[in-house]
Amino acid sequence: ILRVMHESLARHPSFLRLVQKKYKAAIIDEFQDTDPLQWEIFQTLFLGEETSAESVFLVGDPKQSIYRFPNADIYTYLKAKEHLDPSQHYCLDVNFRSSKSLIDALNTLFIRPWLALPKLGTFLPYHPVSSGAKGIESFEDGKCALHFFAVKDGSLTESEKLFFPFIAKEIAHLQKETGSFSSFAVLVKDRYEASR
């Protein structure tokens with residue numbers, strides 16, 4: 001579908017004009033999942049010289065590009081960012097869902113240069129976030145919002161023997177506050193880790 005759209009825009013100027021005329025604005029969400037072909041289509045439609053689009057918004061979080069949806073490319077995201085005037089770049093820097101201690105812990109984790117961009121010989125920049133969430137935090141174990149455990153393939157490690165009971169206890173504790181299990185998720189690397 002993408003190739004047909006791309007070719008049609010290039011071969012049929014009347015089709016291009018009809019599509020452009022139909023839209024006055026475009027909001028492209030989850031832009032970090034855009035591939036080079038999609039970006040060319042968006043450029044042709046909404047950022048070309050003869051477009052009627054008055055507003056174009058590209059909304060994305062490059063840190064989420066690690067999931068690599070089919071053909072998604074972080075370099076396409078960065079190329080698009082360079083295409084737009086820096087005065088038109090905006091960061092959502094207040095998180096209203098998460099506690100201050102969690103946001104502080106995540107800032108500490110992400111501020112380090114660890115999301116490598118090998119093709120550019122650099123790292124993905126990180127913009128620190130603040131918390132706008134209201135409420136009192138209580139962490140009975142004294143370890144705050146993030147807990148790290150070393151998990152290895154194979155049989156249960158000493159760390160895993162501590163990790164799994166901790167997860168169960170933490171969910172049971174938080175479930176008492178929320179009244180539901182539907183707001184919890186345990187992320188695992190693969191089905192083998194899930195089984196363990």
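The conversation below turns to model confidence, aromatic pairs and the packing around them.

Visitor: Before anything else, how confident is the model?
Guide: This is a predicted model. The protein chain has an average pLDDT of 83, and 83% of the residues score at least 70.

Visitor: Where is confidence lowest, and where is it highest?
Guide: The lowest mean, 77, belongs to helix α6 (residues 158-178), while helix α1 (residues 2-11) is highest, at 96.

Visitor: How many aromatic pairs are there?
Guide: The count is 5 aromatic pairs. One of them joins Phe 31 and Tyr 77, whose ring centres are 6.2 Å apart.

Visitor: Why is that pair of Phe 31 and Tyr 77 called tilted?
Guide: Their planes stand at 50°, and because stacked requires under 30 degrees and edge-to-face over 60, the pair falls into the remaining class, tilted.

Visitor: Where do the two partners, Phe 31 and Tyr 77, sit in the chain?
Guide: Phe 31 is in the loop between β1 (25-28) and α3 (36-46), and Tyr 77 is in helix α4 (residues 74-83), 46 residues apart. Together with Trp 39, they form one aromatic cluster.

Visitor: Is Tyr 77 buried or exposed?
Guide: Tyr 77 counts as buried because its relative accessibility of 15% is under the 20% cut-off. Phe 31 is also buried, at 2%.

Visitor: What about Phe 110 and Tyr 126?
Guide: Their ring centres are 5.6 Å apart and their planes are at 25°, so this pair is stacked. Phe 110 belongs to helix α5 (residues 100-110) and Tyr 126 to the loop between β5 (122-123) and β6 (130-131), so the pair ties together parts 16 residues apart in sequence. Both Phe 110 and Tyr 126 are buried.

Visitor: Which charged end sits over the ring of Phe 110?
Guide: That of Lys 63, at 5.7 Å from the ring centre.

Visitor: And which residues of α5 are buried?
Guide: They are Ser 101, Ile 103, Asn 107 and Phe 110. These buried residues pack against β3 (94-95) and β6.

Visitor: Changing topic, which residues touch the most other members of the largest nonpolar core?
Guide: That core has 21 residues, and those touching the most other members are Phe 31, Phe 42, Leu 45, Ile 74, Leu 78, Leu 117 and Leu 124. At least two core residues come from each of α2 (13-22), β1, α3 and α4.

Visitor: What is Phe 42 in contact with, leaving aside its neighbours within four places in sequence?
Guide: Phe 42 is then in contact with Ile 28, Phe 31, Thr 34 and Leu 47.

How values were computed
Residues are numbered from 1 along each chain as its sequence is written. This is a predicted model: local features need pLDDT of at least 70, side-chain atom pairs count only at pLDDT 80 or more; totals for chains, interfaces and linings use all residues. Side-chain values use heavy atoms; hydrogens and water are left out. Rings of Phe, Tyr and Trp (its six-membered ring) pair if their centres lie within 6.5 Å; planes under 30 degrees apart count as stacked, over 60 as edge-to-face and the rest as tilted. Helices (H or I, at least four residues) and strands (E, at least two) are DSSP runs, numbered from the N terminus. Buried means under 20% relative accessible area, exposed over 50%, partly exposed in between (1.4 Å probe, protein chains only). A charge sits over a ring if NZ of Lys or CZ of Arg is within 6 Å of the ring centre and within 35 degrees of the ring normal. pLDDT is the predictor's confidence in each residue, from 0 to 100. A nonpolar core is a set of buried Ala, Val, Leu, Ile, Met, Phe, Trp, Tyr and Cys residues joined through side-chain atoms within 4.5 Å. Contact means heavy atoms within 4.5 Å.
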